[in-house]
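Hi,

Here is the structure I said I would pass on. Have a look at it first, and then read my notes below.

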Amino acid sequence: MAVATRAGSGPDPTTPFRFSVVVPTRGRDDLLETLIATLTIQVFPRERWEWIVAFDGVAPSEEIAARLKEAGAAIVVAPERAGPGAARNLGARRARGDYLAFTEDDCIPAPGWLAAAAERLEREPALDALEGATLLPDGRPARRRHGDRPTWLPTNLFVRRARFEQVGGYCERFFDARGGIYFREDSDFGFTLREAGVRAAYEPDARVTHPPEHQGWLDPLRWARRYEMDPLLASRHPEAFREEIEVVRAGPFRIRRPFVRASAGYVLALLSVGAAAAIGEMGVASWFAALAALMVLLLWSKWRFDPRKLPAVLVVPPILLAALARGRMRLRDAGASTVRSATSSPDR
(Lines give C-alpha, C1' and ligand atoms only; values in the text may rest on other atoms or scores of the structure.)
Protein backbone atom coordinates (compact mmCIF):
# COMPACT_ATOMS: atom_id res chain seq x y z
CA MET A 1 0.00 0.00 0.00
CA ALA A 2 1.46 3.34 -1.01
CA VAL A 3 1.63 5.93 1.73
CA ALA A 4 2.22 9.64 1.52
CA THR A 5 4.18 11.05 4.46
CA ARG A 6 4.86 14.58 5.58
CA ALA A 7 6.86 15.17 8.71
CA GLY A 8 6.16 18.15 10.94
CA SER A 9 8.69 20.30 12.77
CA GLY A 10 8.77 18.03 15.82
CA PRO A 11 11.63 17.18 18.18
CA ASP A 12 15.09 16.31 16.95
CA PRO A 13 14.87 12.83 15.30
CA THR A 14 18.00 11.69 17.17
CA THR A 15 16.29 12.24 20.54
CA PRO A 16 15.06 9.01 22.20
CA PHE A 17 11.28 9.30 22.57
CA ARG A 18 9.45 7.73 25.46
CA PHE A 19 6.14 7.91 23.58
CA SER A 20 4.88 8.03 20.03
CA VAL A 21 1.33 9.37 20.20
CA VAL A 22 -0.65 7.79 17.33
CA VAL A 23 -4.03 9.24 16.32
CA PRO A 24 -6.18 7.75 13.54
CA THR A 25 -8.56 10.22 11.92
CA ARG A 26 -11.04 10.73 9.12
CA GLY A 27 -9.95 14.35 8.89
CA ARG A 28 -12.53 16.40 10.80
CA ASP A 29 -10.82 19.73 11.33
CA ASP A 30 -12.87 20.72 14.37
CA LEU A 31 -11.88 17.57 16.25
CA LEU A 32 -8.24 17.88 15.29
CA GLU A 33 -8.14 21.53 16.35
CA THR A 34 -9.34 20.52 19.82
CA LEU A 35 -6.83 17.68 19.99
CA ILE A 36 -4.01 20.00 18.98
CA ALA A 37 -4.97 22.37 21.78
CA THR A 38 -4.96 19.58 24.39
CA LEU A 39 -1.77 17.86 23.29
CA THR A 40 0.22 21.08 23.12
CA ILE A 41 -0.37 21.67 26.85
CA GLN A 42 0.89 18.27 28.00
CA VAL A 43 3.15 18.68 31.04
CA PHE A 44 5.37 15.78 29.96
CA PRO A 45 8.55 17.21 28.34
CA ARG A 46 7.90 17.83 24.65
CA GLU A 47 11.30 16.50 23.60
CA ARG A 48 10.37 13.09 25.05
CA TRP A 49 7.42 12.37 22.77
CA GLU A 50 6.43 12.59 19.13
CA TRP A 51 3.01 12.82 17.53
CA ILE A 52 1.76 11.03 14.42
CA VAL A 53 -1.65 11.65 12.84
CA ALA A 54 -2.78 8.90 10.46
CA PHE A 55 -5.44 9.99 7.96
CA ASP A 56 -7.64 7.06 6.99
CA GLY A 57 -8.21 7.40 3.26
CA VAL A 58 -8.65 11.18 3.24
CA ALA A 59 -6.06 13.92 2.84
CA PRO A 60 -5.92 16.69 5.44
CA SER A 61 -7.09 20.14 4.51
CA GLU A 62 -4.36 22.69 3.91
CA GLU A 63 -5.40 24.55 7.04
CA ILE A 64 -5.24 21.57 9.38
CA ALA A 65 -2.03 20.28 7.78
CA ALA A 66 -0.43 23.64 8.55
CA ARG A 67 -1.75 23.58 12.12
CA LEU A 68 -0.45 20.05 12.68
CA LYS A 69 2.94 20.96 11.29
CA GLU A 70 3.07 24.00 13.55
CA ALA A 71 2.24 21.73 16.52
CA GLY A 72 5.12 19.41 15.61
CA ALA A 73 3.04 16.50 14.33
CA ALA A 74 3.92 14.08 11.56
CA ILE A 75 1.20 13.28 9.02
CA VAL A 76 0.73 9.97 7.25
CA VAL A 77 -2.04 9.44 4.72
CA ALA A 78 -3.49 6.11 3.59
CA PRO A 79 -4.55 6.24 -0.08
CA GLU A 80 -7.86 4.49 0.66
CA ARG A 81 -10.03 3.97 3.69
CA ALA A 82 -9.18 0.79 5.57
CA GLY A 83 -10.53 1.47 9.07
CA PRO A 84 -9.04 2.77 12.33
CA GLY A 85 -7.04 -0.39 13.01
CA ALA A 86 -5.20 -0.03 9.71
CA ALA A 87 -4.68 3.68 10.38
CA ARG A 88 -3.12 2.89 13.76
CA ASN A 89 -0.81 0.37 12.10
CA LEU A 90 0.15 2.99 9.53
CA GLY A 91 1.01 5.50 12.24
CA ALA A 92 2.89 2.89 14.25
CA ARG A 93 5.16 2.11 11.30
CA ARG A 94 6.27 5.75 11.36
CA ALA A 95 6.85 5.71 15.15
CA ARG A 96 10.19 5.80 16.96
CA GLY A 97 9.12 5.86 20.62
CA ASP A 98 9.58 3.14 23.21
CA TYR A 99 5.82 3.04 23.70
CA LEU A 100 2.98 3.74 21.31
CA ALA A 101 0.38 5.97 22.95
CA PHE A 102 -2.95 5.54 21.22
CA THR A 103 -5.82 7.98 21.44
CA GLU A 104 -8.50 9.20 19.02
CA ASP A 105 -9.31 12.48 17.35
CA ASP A 106 -12.49 13.03 19.36
CA CYS A 107 -10.73 12.55 22.71
CA ILE A 108 -9.47 15.24 25.06
CA PRO A 109 -6.36 14.10 26.97
CA ALA A 110 -5.84 15.67 30.37
CA PRO A 111 -2.69 17.84 30.63
CA GLY A 112 -1.07 15.15 32.77
CA TRP A 113 -2.02 12.25 30.50
CA LEU A 114 1.46 11.38 29.26
CA ALA A 115 3.14 12.33 32.54
CA ALA A 116 0.94 9.96 34.55
CA ALA A 117 1.65 7.11 32.14
CA ALA A 118 5.37 7.83 32.19
CA GLU A 119 5.42 7.83 35.98
CA ARG A 120 3.69 4.45 36.16
CA LEU A 121 6.01 2.95 33.56
CA GLU A 122 9.03 4.26 35.45
CA ARG A 123 7.77 2.52 38.60
CA GLU A 124 7.01 -0.71 36.73
CA PRO A 125 9.41 -0.93 33.78
CA ALA A 126 8.40 -4.53 33.05
CA LEU A 127 4.94 -3.44 31.86
CA ASP A 128 4.32 -3.98 28.16
CA ALA A 129 0.92 -2.30 28.06
CA LEU A 130 -0.85 0.30 30.12
CA GLU A 131 -4.46 1.40 29.79
CA GLY A 132 -5.47 4.78 31.10
CA ALA A 133 -8.93 5.94 32.15
CA THR A 134 -11.34 6.90 29.37
CA LEU A 135 -14.09 8.99 30.92
CA LEU A 136 -17.29 10.55 29.66
CA PRO A 137 -17.79 14.31 30.15
CA ASP A 138 -19.74 13.64 33.38
CA GLY A 139 -16.85 11.61 34.82
CA ARG A 140 -18.34 8.15 34.31
CA PRO A 141 -16.12 5.49 32.70
CA ALA A 142 -16.73 5.04 28.98
CA ARG A 143 -16.64 1.26 29.38
CA ARG A 144 -17.55 -0.91 32.36
CA ARG A 145 -14.47 -2.23 34.12
CA HIS A 146 -13.87 -5.38 36.15
CA GLY A 147 -11.20 -4.41 38.64
CA ASP A 148 -7.91 -3.29 37.11
CA ARG A 149 -8.14 -5.61 34.12
CA PRO A 150 -7.51 -3.70 30.86
CA THR A 151 -10.40 -3.31 28.45
CA TRP A 152 -7.97 -2.39 25.62
CA LEU A 153 -9.76 0.81 24.60
CA PRO A 154 -7.62 2.49 21.91
CA THR A 155 -8.78 5.87 23.18
CA ASN A 156 -6.16 5.63 25.93
CA LEU A 157 -3.72 2.77 25.48
CA PHE A 158 0.06 2.56 25.78
CA VAL A 159 1.84 -0.43 24.22
CA ARG A 160 5.53 -1.18 24.07
CA ARG A 161 6.41 -0.72 20.39
CA ALA A 162 8.46 -3.91 20.25
CA ARG A 163 5.49 -5.91 21.54
CA PHE A 164 3.15 -4.20 19.09
CA GLU A 165 5.40 -5.20 16.23
CA GLN A 166 5.78 -8.73 17.61
CA VAL A 167 2.02 -9.41 17.46
CA GLY A 168 1.60 -7.66 14.12
CA GLY A 169 -0.42 -4.69 15.34
CA TYR A 170 -4.16 -4.43 14.85
CA CYS A 171 -5.94 -6.99 12.70
CA GLU A 172 -7.25 -5.05 9.68
CA ARG A 173 -10.05 -7.49 8.89
CA PHE A 174 -12.41 -5.87 11.40
CA PHE A 175 -13.59 -3.34 8.84
CA ASP A 176 -16.21 -3.46 6.10
CA ALA A 177 -15.30 -0.98 3.38
CA ARG A 178 -18.76 -1.09 1.77
CA GLY A 179 -20.61 0.04 4.87
CA GLY A 180 -17.77 1.78 6.67
CA ILE A 181 -18.42 -0.50 9.64
CA TYR A 182 -15.66 -1.30 12.13
CA PHE A 183 -15.91 -3.04 15.49
CA ARG A 184 -14.02 -5.35 17.87
CA GLU A 185 -10.54 -4.59 16.51
CA ASP A 186 -9.66 -3.27 19.98
CA SER A 187 -10.79 -6.44 21.76
CA ASP A 188 -9.02 -8.59 19.19
CA PHE A 189 -5.79 -6.65 19.71
CA GLY A 190 -6.06 -6.93 23.49
CA PHE A 191 -6.74 -10.66 23.40
CA THR A 192 -3.81 -11.11 21.01
CA LEU A 193 -1.49 -9.21 23.35
CA ARG A 194 -2.66 -11.21 26.34
CA GLU A 195 -2.17 -14.51 24.51
CA ALA A 196 1.36 -13.34 23.68
CA GLY A 197 2.05 -12.98 27.40
CA VAL A 198 2.23 -9.22 27.70
CA ARG A 199 2.29 -7.64 31.15
CA ALA A 200 -0.51 -5.09 31.33
CA ALA A 201 -1.97 -2.77 33.95
CA TYR A 202 -4.52 0.00 34.42
CA GLU A 203 -3.54 3.55 35.40
CA PRO A 204 -6.51 5.73 36.47
CA ASP A 205 -4.42 8.92 36.63
CA ALA A 206 -3.71 8.85 32.88
CA ARG A 207 -7.03 10.29 31.76
CA VAL A 208 -8.74 11.24 28.53
CA THR A 209 -12.32 12.39 28.01
CA HIS A 210 -14.42 10.82 25.27
CA PRO A 211 -17.79 12.14 24.05
CA PRO A 212 -20.89 9.98 24.65
CA GLU A 213 -21.49 7.47 21.87
CA HIS A 214 -24.67 6.82 19.86
CA GLN A 215 -26.22 10.25 20.40
CA GLY A 216 -28.14 10.44 17.11
CA TRP A 217 -31.64 9.01 16.97
CA LEU A 218 -30.64 6.57 14.23
CA ASP A 219 -27.37 5.53 15.89
CA PRO A 220 -28.87 2.31 17.34
CA LEU A 221 -29.09 1.02 13.77
CA ARG A 222 -25.39 1.59 13.13
CA TRP A 223 -24.63 0.01 16.51
CA ALA A 224 -26.58 -3.09 15.48
CA ARG A 225 -24.81 -3.34 12.13
CA ARG A 226 -21.43 -3.53 13.87
CA TYR A 227 -22.24 -7.04 15.12
CA GLU A 228 -21.12 -8.24 11.72
CA MET A 229 -17.63 -8.39 13.23
CA ASP A 230 -18.52 -10.71 16.12
CA PRO A 231 -18.14 -14.03 14.26
CA LEU A 232 -14.60 -13.05 13.24
CA LEU A 233 -13.63 -12.22 16.82
CA ALA A 234 -15.21 -15.45 18.08
CA SER A 235 -13.24 -17.47 15.53
CA ARG A 236 -9.93 -15.84 16.47
CA HIS A 237 -10.37 -15.93 20.25
CA PRO A 238 -13.17 -18.39 21.09
CA GLU A 239 -12.55 -18.69 24.83
CA ALA A 240 -12.02 -14.97 25.45
CA PHE A 241 -15.06 -14.14 23.33
CA ARG A 242 -17.24 -16.53 25.29
CA GLU A 243 -16.04 -15.39 28.70
CA GLU A 244 -15.59 -11.65 28.21
CA ILE A 245 -17.59 -10.17 25.35
CA GLU A 246 -20.85 -8.69 26.64
CA VAL A 247 -21.01 -10.75 29.80
CA VAL A 248 -23.19 -9.13 32.46
CA ARG A 249 -22.42 -10.09 36.05
CA ALA A 250 -25.18 -9.90 38.65
CA GLY A 251 -23.85 -11.27 41.91
CA PRO A 252 -23.03 -14.95 41.38
CA PHE A 253 -24.86 -14.97 38.03
CA ARG A 254 -23.47 -14.24 34.59
CA ILE A 255 -25.61 -13.43 31.57
CA ARG A 256 -23.91 -13.81 28.23
CA ARG A 257 -24.81 -11.59 25.31
CA PRO A 258 -28.04 -10.10 26.72
CA PHE A 259 -28.67 -7.80 23.74
CA VAL A 260 -28.20 -10.60 21.23
CA ARG A 261 -30.52 -12.83 23.26
CA ALA A 262 -33.07 -10.03 23.57
CA SER A 263 -32.97 -9.43 19.82
CA ALA A 264 -33.53 -13.11 19.08
CA GLY A 265 -36.30 -13.24 21.67
CA TYR A 266 -38.01 -10.19 20.18
CA VAL A 267 -37.99 -11.59 16.64
CA LEU A 268 -39.23 -15.01 17.78
CA ALA A 269 -41.94 -13.41 19.92
CA LEU A 270 -43.21 -11.32 16.99
CA LEU A 271 -43.27 -14.38 14.74
CA SER A 272 -45.20 -16.22 17.43
CA VAL A 273 -47.66 -13.34 17.70
CA GLY A 274 -48.38 -13.63 14.00
CA ALA A 275 -48.69 -17.42 14.12
CA ALA A 276 -51.00 -17.37 17.15
CA ALA A 277 -53.19 -14.66 15.65
CA ALA A 278 -53.43 -16.59 12.37
CA ILE A 279 -55.01 -19.56 14.15
CA GLY A 280 -57.24 -17.41 16.31
CA GLU A 281 -55.35 -17.84 19.59
CA MET A 282 -55.52 -14.19 20.63
CA GLY A 283 -54.73 -14.90 24.27
CA VAL A 284 -51.49 -16.62 23.28
CA ALA A 285 -50.77 -13.80 20.82
CA SER A 286 -51.16 -11.26 23.65
CA TRP A 287 -48.72 -13.21 25.81
CA PHE A 288 -46.10 -13.23 23.06
CA ALA A 289 -46.71 -9.52 22.40
CA ALA A 290 -45.95 -8.81 26.06
CA LEU A 291 -42.77 -10.86 25.76
CA ALA A 292 -41.73 -8.84 22.69
CA ALA A 293 -42.36 -5.60 24.61
CA LEU A 294 -40.15 -6.87 27.45
CA MET A 295 -37.33 -7.59 25.01
CA VAL A 296 -37.67 -4.06 23.58
CA LEU A 297 -37.40 -2.59 27.07
CA LEU A 298 -34.15 -4.47 27.63
CA LEU A 299 -32.72 -3.20 24.34
CA TRP A 300 -34.00 0.34 24.95
CA SER A 301 -32.25 0.40 28.32
CA LYS A 302 -28.91 0.57 26.51
CA TRP A 303 -29.88 4.08 25.41
CA ARG A 304 -31.32 5.01 28.82
CA PHE A 305 -34.87 4.92 27.49
CA ASP A 306 -34.31 7.93 25.25
CA PRO A 307 -37.72 8.43 23.56
CA ARG A 308 -36.08 9.74 20.37
CA LYS A 309 -34.38 6.40 19.86
CA LEU A 310 -37.37 4.12 20.45
CA PRO A 311 -38.42 3.94 16.75
CA ALA A 312 -34.91 2.84 15.80
CA VAL A 313 -34.71 0.38 18.71
CA LEU A 314 -37.83 -1.36 17.40
CA VAL A 315 -35.94 -2.40 14.25
CA VAL A 316 -32.58 -3.09 15.95
CA PRO A 317 -33.25 -6.83 16.51
CA PRO A 318 -33.63 -7.93 12.87
CA ILE A 319 -30.72 -5.69 11.83
CA LEU A 320 -28.49 -7.11 14.56
CA LEU A 321 -29.37 -10.71 13.69
CA ALA A 322 -28.85 -10.03 9.99
CA ALA A 323 -25.44 -8.49 10.80
CA LEU A 324 -24.42 -11.63 12.67
CA ALA A 325 -25.52 -13.73 9.69
CA ARG A 326 -23.48 -11.54 7.32
CA GLY A 327 -20.48 -11.91 9.58
CA ARG A 328 -20.76 -15.69 9.51
CA MET A 329 -21.01 -15.59 5.71
CA ARG A 330 -17.95 -13.35 5.45
CA LEU A 331 -16.03 -15.70 7.69
CA ARG A 332 -17.13 -18.72 5.66
CA ASP A 333 -16.25 -17.00 2.38
CA ALA A 334 -12.85 -15.97 3.73
CA GLY A 335 -12.18 -19.55 4.76
CA ALA A 336 -13.22 -20.84 1.35
CA SER A 337 -11.00 -18.27 -0.32
CA THR A 338 -8.05 -19.37 1.80
CA VAL A 339 -8.63 -23.00 0.86
CA ARG A 340 -8.86 -22.11 -2.85
CA SER A 341 -5.63 -20.11 -2.63
CA ALA A 342 -3.85 -22.99 -0.93
CA THR A 343 -5.05 -25.61 -3.38
CA SER A 344 -4.13 -23.49 -6.38
CA SER A 345 -0.61 -22.83 -5.08
CA PRO A 346 2.11 -24.10 -7.48
CA ASP A 347 3.89 -25.63 -4.47
CA ARG A 348 1.11 -28.16 -4.00
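**What turned up**

Let me start with a charge over a ring: arginine 88 lies over the face of tyrosine 170, at 4.9 Å from the ring centre. For this I asked that NZ of Lys or CZ of Arg be within 6 Å of the ring centre and within 35 degrees of the ring normal. Arginine 46 does likewise with tryptophan 49, sitting over its face at 4.1 Å from the ring centre.

Before you go further, a word on the source: this is a predicted model, where local features need pLDDT of at least 70 and side-chain atom pairs count only at pLDDT 80 or more, while totals for chains, interfaces and linings use all residues. Residues are numbered from 1 along each chain as its sequence is written, and side-chain values use heavy atoms, with hydrogens and water left out.

On to rings with rings. Searching the whole structure gives 14 aromatic pairs. Tryptophan 300 and phenylalanine 305 form an edge-to-face pair, because their ring centres are 5.4 Å apart and their planes are at 80 degrees. (Rings of Phe, Tyr and Trp, the last by its six-membered ring, pair if their centres lie within 6.5 Å; planes under 30 degrees apart are stacked, over 60 edge-to-face and the rest tilted.) Tryptophan 300 counts as buried at 15% relative accessibility, whereas phenylalanine 305 is partly exposed with a relative accessible area of 42%. Buried here means under 20% relative accessible area, exposed over 50% and partly exposed in between, with a 1.4 Å probe and protein chains only. Ring pairs also link Phe183, Trp223, Tyr227, Phe259 and Trp303 into a cluster.

Next, have a look at helix H6. Helices (H or I, at least four residues) and strands (E, at least two) are DSSP runs, numbered from the N terminus. H6 covers residues 185-195, and nine of its eleven residues are buried, so the rest of the structure largely encloses it. Its buried residues pack against several elements, including helix H3 (84-94), helix H5 (161-167) and helix H8 (230-236). One of those buried residues is serine 187, with a relative accessible area of 8%. Leaving aside neighbours within four places in sequence, serine 187 is in contact (heavy atoms within 4.5 Å) with Arg143, Leu233 and Ile245. Just after H6, glycine 197 takes a positive phi of about 85 degrees.

How many cavities of 30 Å³ or more does the structure hold? There are two. A cavity is a set of points on a 1 Å grid over the protein atoms alone where a 1.4 Å probe fits but cannot get out, and lining residues have an atom within 4 Å of a point. The largest has a volume of about 60 Å³, and strand S7 (residues 129-135) gives the most to its lining, with five residues. Arg143 is among the residues lining the largest cavity, and Arg143 is also one of the contacts of serine 187. The second largest cavity has a volume of about 30 Å³. H3 gives the most to that lining, with three residues, and Glu185 of H6 is among the lining residues too.

Last one: alanine 276 lies in helix H10 (residues 258-278) and counts as buried at 5% relative accessibility. Not counting residues up to four places away in sequence, alanine 276 touches Glu281, Val284 and Ala285.

Cheers

How values were computed. On a 1 Å grid over the protein atoms alone, a cavity is a set of points where a 1.4 Å probe fits but cannot get out, and a pocket is an open set with protein on both sides within 12 Å along at least five of seven lines; lining residues have an atom within 4 Å of a point. Grid points are joined across faces, edges and corners, and a volume is the space filled by probe spheres set on the points.
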